[in-house]
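Dear colleague,

Please find below the structure that I am handing over to you. My notes on it follow directly after.

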Amino acid sequence: MNDDALAARLLDVIEHDILPLTQKGVAAGNKVFGAAILRKSDLSLVLAETNNETENPLWHGEVHCLKRFHELVERPPTSELIFFSTHEPCTMCMSAITWAGFDNFYYFFSHEDSRDAFAIPHDLRILKEVFGLEPGGYRRKNAFWSSASVDDLINKATKDVRSALEMRKAAIAAAYGSVSATYQASKSGNDIPLA
Ligand SMILES: Nc1nc2[nH]cnc2c(=O)[nH]1
């Protein structure tokens with residue numbers, strides 16, 4: 001799999017498939033996180049989903065996506081699939097991705113971004129309080145999966161490709177800034193335990 005093509009495709013998926021769902025989800029009081037599943041063979045989309053914590057606080061973007069995946073009548077084997085998350089998965093979501101059988105995941109925003117740019121510090125707090133781990137302290141490559149950020153892929157690209165990808169990345173981050181502001185303005189009224 002070519003890293004440049006994968007980075008470009010993940011940017012397409014976040015912009016065109018996940019973000020529109022998240023804009024609707026946030027308007028209904030949910031958080032800004034989303035996820036998608038793609039085929040390794042041609043990077044086509046299997047499905048995209050978004051956070052639905054107003055229905056159930058366990059429906060993080062990633063877990064909600066896995067739930068919908070298991071509701072599909074025809075489901076490709078997870079060995080043939082890529083898992084993509086808008087934000088670095090929390091410890092629950094990482095475990096869910098593992099239990100679902102994926103050998104990989106990719107993400108756009110880091111845990112530190114969730115805390116600093118999105119004012120959602122819980123993923124890092126749980127990592128520290130429950131597991132005693134500092135940011136980045138989990139094993140990004142292990143016996144179950146290898147994980148990487150979109151930044152990792154972009155950083156491996158050639159200079160020209162890299163600057164084009166960086167520009168697209170900045171535009172997507174700006175769009176997420178706007179949905180994040182909507183979520184933050186509404187969150188005092190919601191019933192989510194760790195809002
Ligand atoms: N990655 C991720 N972190 C979260 N923290 C709270 N909700 C979520 C979510 O849906 N995804």
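Leaving aside neighbours within four places in sequence, Glu88 is in contact (heavy atoms within 4.5 Å) with Glu62, Tyr107, Phe109, Ser110, His111, Glu112, Asp123, Tyr138 and Arg140. Glu88 belongs to the loop between β3 and α3; helices (H or I, at least four residues) and strands (E, at least two) are DSSP runs, numbered from the N terminus. With a relative accessible area of 2%, Glu88 is buried, a word that stands for under 20% relative accessible area, while exposed stands for over 50% and partly exposed for what lies in between (1.4 Å probe, protein chains only).

Please note that this is a predicted model, in which local features need pLDDT of at least 70 and side-chain atom pairs count only at pLDDT 80 or more, whereas totals for chains, interfaces and linings use all residues. Residues are numbered from 1 along each chain as its sequence is written, and side-chain values use heavy atoms, with hydrogens and water left out.

The ligand

Which residues are around the ligand? They are Lys31, Phe33, Asn51, Glu53, His60, Gly61, Glu62, His87, Glu88, Pro89, Cys90 and Asp123, where a residue qualifies if one of its heavy atoms lies within 4 Å of the molecule. By class, this shell has five charged, four polar and three nonpolar residues. Here Ala, Val, Leu, Ile, Met, Phe, Trp, Tyr, Cys and Pro count as nonpolar, Asp, Glu, Lys and Arg as charged, and the others, Gly among them, as polar.

A side-chain N or O atom of Glu53 lies 2.9 Å from a nitrogen atom of the ligand, and an oxygen atom of the ligand is 2.7 Å from a backbone N or O atom of Gly61. Of the 280 Å² of accessible area that the ligand has on its own, the protein covers 99%; accessible areas come from the Shrake-Rupley method with a 1.4 Å probe, and for residues only the protein chains shown count as cover.

Lys31, one of the residues around the ligand, lies in the loop between α1 and β1 and is buried, at 4% relative accessible area. The side chains of Lys31 and Glu53 are joined by a polar contact of 3.0 Å. Beyond four places in sequence, the residues in contact with Lys31 include Asn51, Ile120, Tyr183 and Leu194.

Thr50 is placed in strand β2 and counts as buried at 8% relative accessibility. Its side chain makes a polar contact of 2.7 Å with the side chain of Thr22, and the side chain of Thr50 also reaches the backbone oxygen of Phe33 at 3.2 Å.

The nonpolar cores

In soluble globular proteins, nonpolar side chains tend to be buried together. A nonpolar core is a set of buried Ala, Val, Leu, Ile, Met, Phe, Trp, Tyr and Cys residues joined through side-chain atoms within 4.5 Å. Of the 34 residues in the largest nonpolar core, Leu10, Leu38, Phe84, Tyr106, Phe108 and Tyr176 touch the most other members. At least two residues of this core come from each of α1 (3–27), β1 (34–39), β3 (81–87), β4 (104–109), α6 (150–155) and α7 (159–186). With nine residues, α1 gives the most to this core. Apart from it lies another core, of 22 residues, among them Cys65, Phe83, Cys90 and Cys93.

Helix α3 and the backbone

In helix α3 (residues 91–99), the buried residues are Thr91, Cys93, Met94, Ala96 and Ile97. Their cover includes α2 (61–71), β3, β4, α4 (111–116) and α5 (122–131). Gly101, with a positive phi near 100 degrees, follows α3.

Leu43 has a positive phi of about 60 degrees; its place is in the loop between β1 and β2 (45–50), and Leu43 is buried, with a relative accessible area of 12%. Ala119 has a positive phi of about 55 degrees; Ala119 lies in the loop between α4 and α5 and is partly exposed, at 37% relative accessible area.

With kind regards

Technical notes. Polar contact = N/O pair within 3.5 Å; in protein donor to acceptor, adjacent residues only side chain to side chain.
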